[in-house]
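Good morning. Please have a look at the structure on the screen, and then I will go through a few of its features.

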Amino acid sequence: MRLILGSGSPRRKELLGQIGVVADDIRPPDIDETPLKNELPRPYCARMAIEKVRAVQADDDDIVLCADTTVALGRRILGKPENAGEAAQFLLAMSGRRHRVITAVAVRRGARVWEKDVVTTVRMKNLSDEELNAYLATGDWQGKAGAYGIQGPAGALIPWISGSFTAVVGLPLAETAGLLKAAGYPLWRQT
């Protein structure tokens, strides 16, 4: 049995390492991540995780783990911004407001798929022009849903969360451990 991480995210690899899990291989799936017409954020996120885990090539006894993180402002999905202008739009829309970060995790072994999604409520402080421009200048917004990563410089912009910090980073560890255990992965083994 091998564990295959279906993600190129260094953050997910690091988070798995925190619970002693090291993937035997990393195979990021290549799927279309376009939301369907009128698709809501939570079902979209779960669908993405399941489509990713099914797209990764693996042997029947291998365990594949994939995840998707979506930032939702009301019914609106804030994906990965194309450029600094779009990043600024996302951040200004969230400024002084609460939004939800949804991370769905899917684990597959053979034909069986387990999925769990975690919703965390996050509040972003009112952003001044100086804070917004300084954050954009870091480039940390690139490649991140909602244009920020809570574990980086944007952590200074987030005074409050309710839910799972690791889910906001990109992989809810308690739920991920439960899914891996359900699939027969030997967590907590002595090395």
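**Ser-9 and what follows**

Ser-9 counts as buried, because its relative accessibility is 15% and the cut-off for buried is under 20%. This is a predicted model, so please keep that in mind throughout. Ser-9 belongs to the loop that links strand E1, residues 3-5, to helix H1. Gly-96 is 87 residues away from Ser-9 along the chain, and the C-alpha atoms of the two are separated by 28 Å.

Next, helix packing. Two packed helices are described by the angle between their axes and by the distance between the axes. Here H1, residues 10-18, packs with H6, residues 173-182, at about 75°, and the axes are 11 Å apart. That angle makes H1 roughly perpendicular to H6. On the H1 side, the residues that meet H6 are Leu-15, Leu-16 and Gln-18; on the H6 side they are Leu-173, Thr-176 and Leu-180. By type, this contact has 4 nonpolar residues, 2 polar and no charged.

Now backbone angles. Most residues other than glycine have a negative phi. Asn-38 is not a glycine, yet its phi is positive, about 65°. Is Asn-38 buried or exposed? Asn-38 counts as exposed, because its relative accessibility is 66%. Its place is the loop between strand E2 and helix H2. Ala-147 also has a positive phi, near 75°, and it sits in the loop between helix H4 and strand E7. At 0% relative accessibility, Ala-147 counts as buried.

Last, the rings. There are 0 aromatic pairs in the structure. The charged end of Arg-98, however, sits over the ring of Trp-160, 4.3 Å from the ring's centre.

Methods:
Residues numbered from 1 in each chain as written. Predicted model: local features only at pLDDT ≥ 70, side-chain atom pairs only at ≥ 80, totals over all residues. Heavy atoms only, no water. Axes fitted to C-alpha atoms, helices over the stretch in contact; angles between N-to-C directions. Helix = DSSP H or I, 4+ residues; strand = E, 2+ residues; numbered from the N terminus. Parallel < 35°, antiparallel > 145°, perpendicular 65-115°, else oblique. Contact = heavy atoms within 4.5 Å. Nonpolar A, V, L, I, M, F, W, Y, C, P; charged D, E, K, R; others polar. Phe/Tyr/Trp six-rings, centres within 6.5 Å; stacked < 30°, edge-to-face > 60°. Lys NZ or Arg CZ within 6 Å of the ring centre and 35° of its normal. Buried < 20%, exposed > 50% of the residue type's maximum accessible area, 1.4 Å probe, protein only.
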